[in-house]
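Trainee: I would like to learn how to read salt bridges in a protein model. Please take me through an example.

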Amino acid sequence: ELIATLPARCDAAFSAAHSKMEQIRITAADTAAHYKRATAKVVASANGLEDAAEHLQRNRAVVFEVIPRGSKGARRAAEDLMQCRSALLSATQANGLVLNGWSATSSTMQPVIEAFNAELIELRAALRQSNELLQQRCDLLHLQRFSGRLGNGDVEQHLQQCQEELARLEADDLERACQELVAARRNYKLAMKSNLLAIKRASEYLQQDERV
């Protein structure tokens, strides 16, 4: 019975493992793409906020260095600074909208990540089963050769097929997709930290402007 059923069981196990790997690879790629889009938005928004903050800071330094207080040009300078301040406030508001939007979306990604990790656990179990069945099949083939039920040529052919199946699992690009997902999540977290620093700097510049 084992001789009759083992090949089919091996084929079914390998097919299930391949299907699970492909499903996980697609999920990893889609999730990584989501984090990449989020990172691009957060970085672009932070850059706009930093540009507006630096523009206000530069103009304020130049204005009060060149134009004496109480001069006729001081009023025009104050108006220019007010425009810079308004631009920074607008950039701050726009940045907040970006962060709120992506934060809401990111909260929905947590269940996806948890499900992804669960699928990886299932895949490891499927791969372990495939390897165990493969080892049993190899042992059985050697036993059949030793008993004379199969010739050396037939045994070597079946062993080669088993090794090819195993190589297909090992050569799959799942690991690369998972690494890309890990990198995308890490870059997203770094972008969020940079954005928070930009918010802090903009707040400091606005407070300095109020004191002036």
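The dialogue below goes through the helices, the salt bridges and the surface of this chain.

Mentor: This is a predicted model, in which local features need pLDDT of at least 70 and side-chain atom pairs count only at pLDDT 80 or more, while totals for chains, interfaces and linings use all residues. Residues are numbered from 1 along each chain as its sequence is written, and side-chain values use heavy atoms, with hydrogens and water left out.

Trainee: How many helices and strands does the chain have?

Mentor: Helices (H or I, at least four residues) and strands (E, at least two) are DSSP runs, numbered from the N terminus. Here there are 4 helices and 0 strands, so the order from the N terminus is α-α-α-α.

Trainee: What is a salt bridge, and how many are found in the whole structure?

Mentor: Side chains of opposite charge can pair when their charged atoms come close. The rule used is a side-chain nitrogen of Lys or Arg within 4 Å of a carboxyl oxygen of Asp or Glu. A search of the whole structure gives 4 salt bridges.

Trainee: Which residue forms a salt bridge with lysine 20?

Mentor: Glutamate 122 does, with the closest N and O atoms 2.9 Å apart. This pair links distant parts of the chain: lysine 20 is in helix α1 (residues 2-66) and glutamate 122 is in helix α2 (residues 72-147), 102 residues apart.

Trainee: Is lysine 20 buried or exposed?

Mentor: Buried means under 20% relative accessible area, exposed means over 50%, and partly exposed lies in between (1.4 Å probe, protein chains only). Lysine 20 has 18%, so it is buried. Glutamate 122 has 46%, so it counts as partly exposed.

Trainee: Where do arginine 25 and glutamate 22 lie?

Mentor: Both lie in helix α1, 3 residues apart, about one turn of the helix. Arginine 25 is partly exposed at 22%, and glutamate 22 is partly exposed at 35%.

Trainee: What does glutamate 50 pair with?

Mentor: Glutamate 50 forms a salt bridge with arginine 201, the closest N and O atoms being 3.3 Å apart. Glutamate 50 is in helix α1 and arginine 201 is in helix α4 (residues 174-211), 151 residues apart, and the pair links distant parts of the chain. Glutamate 50 is partly exposed at 28%, as is arginine 201 at 29%.

Trainee: What share of the chain is buried?

Mentor: Of the 212 residues in the chain, 33% are buried.
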